[in-house]
Amino acid sequence: MKGFDDHFRDLPDYIEKITREIWEERGIGEALDRYYAKDIIVRSPPGLTTSNVGVTAATLGTLHEFPDRRLIYEDVIWSGDEDSGFLSSHRLISVMRKQNDGPHGPASGALVRSRVIADCVCIGNQITEEWLIRDYASFAYCLGSSPRELALDLAEQDRRRLGAVQFFTPDKDVAGPYVALMDQSADGRRYAEAWAGIWGSKTPALIRTYYALGASVFVPGGEALNGQEDYDRFVISYLAAFPDLDFSVEHLIVNRDPGQPIRIAMRWSMRGTHSGWGRFGEPSGAPVYIMGISHAYVVDGRIAFEWIQIDEVTLWKQIIAHAGTPDL
C-alpha cells in the first residue's frame, strides 16, 4: 500500500477502517481532511458534491438526525494498484435510530436499516472520486412512509430551499481524473452480457440462463427475492414502467479469492421514459436517469447471490419534478 498509512494491510482494510474512523469513532472533519481530497467529486442520485466541505456537512447532518449510526461491513470488491490508483466497491448496511428532527421528519426513535454501496477511487491515502447509492426506499419504509411519500417531502423541501427539485443527471456532472476500467475476463463479460440481455434487450427469459434456480437477489426497499420467478417479476415491473429503457455499463470489476465465489461489482446506468404502468404507478411521461451498482456472487457459472442498488426515492423525485407540482 505505497503512499498509504502503514497500519492499512490492503485496500479492503483501508476502506473498512476509515469508514469506522469517520462515522463510529467520530473522526469526521479531521478524518475527512486526511482521507478525502479537498476537491473530491461525490456523485449520488440526490446530487453532486465537489468538495470535502460538502462531504463534511452531509456527514454532520446525518449524524444529527441519526446519532447512533453504525455501518456494518459486508464486502469490498476492488481493482487497481498502488501506482495508478485503486477502485473499491464497498457494500455495507447502515443501522441507526431517528433521534432528532431533520429533513426526514421529526424524531421518532424509528430503527432504520438501509444498504449502501459506494465506489471509491483511492490513491495516496485519499479518496478522490466516489459514486454513492443508498437504498432510500428501505429508509422510507423503516420511517413508516413510502418511497413516493418521502420523495414528495424531499422535493417540497428542495423547492422551498433551492427553487427546484434536486437530483443527479450526467449533464450536471463534472469531469474527474479517473478513467473507468472494464474487466475483460470471460466471467466479467458474461455478467455484463446477462444484464445487457435481460435489461437492455428486455429479455427476462435470459434469467433462466444466467441465474441459479434458487438465486437470492436483494433489491430496493430492503426486499429479498428468492429464485428466478421472483426476479422475473421485479425486472418486468421496471421494464413495464420504462419500456424504452437503455442500459449502459460504466465500470466492471471481478475478484477471485480462495474459498470464495467469483465476486463481481458493476456500476451501470439506465435512461428511459416513465410511459407505462409498473413499479412506479400511473405513467407520467417523465424522463428518468438511473444510477446503479450491482454486486454478484457467481458459483458454477451462474449468479447465486446479487445485490442491486438503486435509489427509488430519487427516481420518484424525477417523476415528481416532471409533474411540476408536489401533489403528483
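Visitor: Which residue in the hairpin of E5 and E6 takes a positive phi?

Guide: That is Gly124, with a phi near 60°, in a hairpin that has 2 residues between the strands. This is a predicted model, where local features need pLDDT of at least 70, side-chain atom pairs count only at pLDDT 80 or more, and totals for chains, interfaces and linings use all residues. Residues are numbered from 1 along each chain as its sequence is written, and side-chain values use heavy atoms, leaving out hydrogens and water.

Visitor: What makes E5 and E6 a pair?

Guide: Strands are DSSP runs of E, at least two residues long, and helices are runs of H or I of at least four, numbered from the N terminus. Two strands pair if DSSP finds at least two bridges between them. E5 (residues 111-123) and E6 share 8 bridges, so they pair, in the antiparallel sense.

Visitor: Why is the contact of Asp158 and Lys317 called a salt bridge?

Guide: The term asks for a side-chain nitrogen of Lys or Arg within 4 Å of a carboxyl oxygen of Asp or Glu. Here N to O is 2.7 Å, so the contact qualifies. Asp158 lies in helix H5 and Lys317 in helix H9 (residues 312-323), so the pair ties together parts 159 residues apart in sequence.

Visitor: Is Asp158 buried or exposed?

Guide: Buried means under 20% relative accessible area, exposed over 50%, and partly exposed in between (1.4 Å probe, protein chains only). Asp158 has 8%, so it is buried.

Visitor: What makes Arg160 exposed?

Guide: Its relative accessible area is 61%, so Arg160 counts as exposed.
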